[in-house]
Amino acid sequence: MSSTVPATAAVVVVGAGPAGLTAAIALADAGAEVVLLDRLAAGANTSRAAVVHARTLEVLDGFGIASTLHDLGLEVPRFVLHDGVHRLATVGFSGLPTPFPYTLMVGQETTEAVLLDRLEKAGGAVLRPYEVTAVVPDADGVTVEYAGEAGASGSIRAQYVIGADGMHSRVREAAGIGFTGATYPESFVLADVRMDWPAPREEVSLHLSPEGVTVVAPLPDPEHDRFRIVATVSEAPEHPTLAQVQALLDARCPGATVREVLWSSRFRVHHRVADHYRAGRILLAGDAAHVHSPAGGQGMNTGIQDAALLGSLLARVLGGESDALLDEYEQIRRPVALGVVAFTDRMTRMATLRPRPARTVRNAAIRLATRIPAVRTALAYRLAELANR
């Protein structure tokens with residue numbers, strides 16, 4: 001595909017994150033004329049979303065790239081929940097009914113690179129940097145207006161548009177679709193570090209404390225000392241320093257020695273779901289359709305699964321099936337997002353309890369419930385998103 005935006009296309013996908021790339025792959029595989037526009041000059045170059053769950057690997061296996069991603073990632077077969085130095089529960093994935101009975105830790109920049117390579121093999125490409133400035137639907141199609149480098153502007157005419165352009169989606173706003181929800185009061189620290197960590201690299205550690213929740217997860221690295229840290233704090237610094245990350249770990253999960261901060265950031269977390277996933281010829285996927293707590297690492301996974309289904313349904317419509325088929329997308333995927341938002345919200349609120357009596361009751365309930373094998377299996381099944389098949 002040329003780096004110049006064509007005048008027409010069957011489908012324009014706005015946003016080249018994991019969801020946008022996945023939708024474009026599904027369409028390109030079906031022979032649809034798809035144009036993928038992204039406002040960034042380059043794709044993700046930081047790890048950001050680093051968890052790929054079993055159901056997502058099953059979806060990616062349908063595109064023939066699960067094994068490629070696996071070889072670049074790190075298998076983690078269990079999540080372990082702690083309160084301070086006390087282990088509360090272990091949730092293992094090894095017994096799940098899937099070819100991928102584990103969580104795969106791999107940086108988002110790697111996931112996007114694998115998806116982009118797959119798109120290019122299908123004959124597609126990402127056109128950058130193009131900022132979408134307007135999306136104007138009518139009875140026969142959608143006009144997408146854009147601005148490129150050096151003030152260049154233009155428009156492209158499409159039969160359908162997929163908005164995969166994130167939480168602040170311009171496509172969603174143009175479609176007049178509400179984004180119902182709220183924002184958590186806490187901010188989050190996100191950091192990739194090199195450190196000495198006492199827990200095995202075969203587990204993701206979730207630490208509860210009065211100060212907030214802290215997640216420590218291993219990242220693929222030949223030196224075996226690279227980790228992802230996610231933590232709630234009242235007010236996070238814009239770019240947490242080594243000293244700040246070390247102090248946070250010392251207070252909540254002692255035993256770590258941070259030697260280098262590779263990348264750090266702060267963010268605030270919303271829990272919102274689009275009121276609809278479709279407005280005529282405009283459809284939403286990924287963070288444009290739903291955002292939620294990072295608890296459990298569900299966000300990118302849900303978006304990739306959205307996009308794979310949407311791309312396949314849209315390809316069938318372009319192939320001659322009824323446009324009404326697209327209504328199935330919202331019917332299938334919006335309840336999934338509502339369930340993910342509710343699940344991660346419960347996890348976040350449970351994890352950030354501060355009063356000691358409430359924490360004591362919580363810990364006792366967790367220990368008691370997770371002694372039951374069926375409960376542990378159900379939790380693993382939910383985290384792995386296998387219920388979304």
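Two strands pair if DSSP finds at least two bridges between them; strands (E, at least two residues) and helices (H or I, at least four) are DSSP runs numbered from the N terminus. In this predicted model, local features need pLDDT of at least 70 and side-chain atom pairs count only at pLDDT 80 or more, while totals for chains, interfaces and linings use all residues. Residues are numbered from 1 along each chain as its sequence is written, and side-chain values use heavy atoms, without hydrogens and water.

β4 and β7 (residues 103-105) pair in the antiparallel sense over 3 bridges, and Leu74 stands opposite Met105 in β7. The open sheet has 3 strands in the order β3-β7-β4, with antiparallel pairing. Its edge strands, each pairing on one side only, are listed below.

| Edge strand | Residues |
|---|---|
| β3 | 51-52 |
| β4 | 74-76 |

The protein is divided into domain 1 (8-50 + 107-178 + 275-349) and domain 2 (182-270), with bounds from an automatic or database domain assignment. Their C-alpha centres lie 30 Å apart. Contact (heavy atoms within 4.5 Å) joins 14 residues of domain 1 with 11 residues of domain 2. Domain 1 and domain 2 bury about 970 Å² between them, 65% of it on carbon and sulfur atoms; buried area is the accessible area (1.4 Å probe) that two parts lose on being put together, summed over both.
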